[in-house]
Amino acid sequence: KIRGFIFDLDGVIVDTAKYHYLAWKKLANELGFEFTPEQNERFKGVSRRRCLEILLEIGNITATQAQFDRWMVGKNEDYLAYVKNMDESEILPDVLKVLNFLKERKIPTALGSASKNAKVILEKVGLLPYFDVLVDGNSVTKAKPDPQVFLIGARQMGVDPANCVVFEDALAGIQAANNAGMVSIGIGDKELLGEADYNFRDFTEIDSDFLTRLISG
Ligand code: B16
Ligand code: MG
């Protein structure tokens, strides 16, 4: 029986991956190399610090601590310039349908994201009131596939992990949900997210029958 719903942010609620990509690409180009959308796949669900490490590996670049820190800050400033223009039109299809289903039934909801910008993004798109609990890149010490982010979310909702479901678009996130002993739902490419308990292309494929079955176990 599912008692709590946990949502990843980037790639599940909004498609901020495209803005992360543009900001990383700009940095790569400034450093003299290309960064492709395919390479950006490796960045999904991965912390900002780890993303920069991977980017520098791709460009074969060694950085001093000071350069590394400066590039992290610069990338985030570029990313936030895109976030600044976000509004509710960027909420992915039928996300609100699911959030409203849960709100009407007073079912606890949590955000479980690797992003340190999660709160400002939810504010920009007007979804902050839909979440009882926010766990983001500021409150975790261990990255997905470690279950920490989702276990904190469950504890703060007051729901047993076994009674939680997680919506995720990244393989590391599905693994984190599985490692937490939760039901995992892959949103996106089934080929990439085969380890999930359920797979959907997006929320338009999730109907109230499915949600009702989850909560009535
Ligand atoms: P920030 P999620 C993740 O969010 C993104 O998928 C990943 O690409 C990004 O690097 C990470 O957040 C950190 O984001 O730079 O904003 O702290 O998918 O876990 O919601
Ligand atoms: Mg994601």
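**View 1. Ser-113 sits in the loop between strand E2 (109-112) and helix H6 (118-125).** The model shown is predicted. Ser-113 is buried because 32 other C-beta atoms lie within 10 Å, and the cut-off for a buried residue is 20 or more. Leaving out residues up to four places away in sequence, Ser-113 touches Asp-8, Leu-9, Asp-10, Ala-118, Asp-136 and Gly-137.

**View 2. Asp-10 lies in the loop between strand E1 (4-7) and helix H1 (17-30).** Asp-10 has 24 C-beta neighbours inside 10 Å, so Asp-10 counts as buried. Its contacts, again without residues up to four places away in sequence, are Thr-16, Ala-17, Ser-113 and Ser-115.

**View 3. Ligand 1 has 20 residues around it.** Leu-9, Asp-10, Ser-113, Ala-114 and Ser-115 come nearest. By class, this shell has 6 nonpolar, 9 polar and 5 charged residues. An unreviewed UniProt entry places the feature "binding site" at several positions, among them Asp-8, Trp-24, Lys-75 and Lys-144. That UniProt feature also includes Leu-9, Asp-10, Ser-113, Ala-114 and Ser-115.

**View 4. The protein around the site has 9 helices and 6 strands.** Its C-alpha atoms fill a box of roughly 55 × 35 × 30 Å along the principal axes. The radius of gyration is 17 Å, which agrees with the value near 17 Å for a compact globule of 217 residues. Of the 217 residues, 37% count as buried. Among contacts with a separation of 6 or more, 60% link residues 24 or more positions apart.

Definitions and conventions
Residues numbered from 1 in each chain as written. Chains lettered and ligands numbered in written order. Predicted model: local features only at pLDDT ≥ 70, side-chain atom pairs only at ≥ 80, totals over all residues. UniProt positions renumbered as here; feature names shortened; annotations may be inferred. Helix = DSSP H or I, 4+ residues; strand = E, 2+ residues; numbered from the N terminus. Buried ≥ 20, exposed ≤ 12 C-beta atoms within 10 Å, placed from the backbone. Contact = placed C-beta atoms within 7 Å. Near = placed C-beta within 6 Å. Nonpolar A, V, L, I, M, F, W, Y, C, P; charged D, E, K, R; others polar. Rg over C-alpha atoms; globule rule 2.2 N^0.38 Å.
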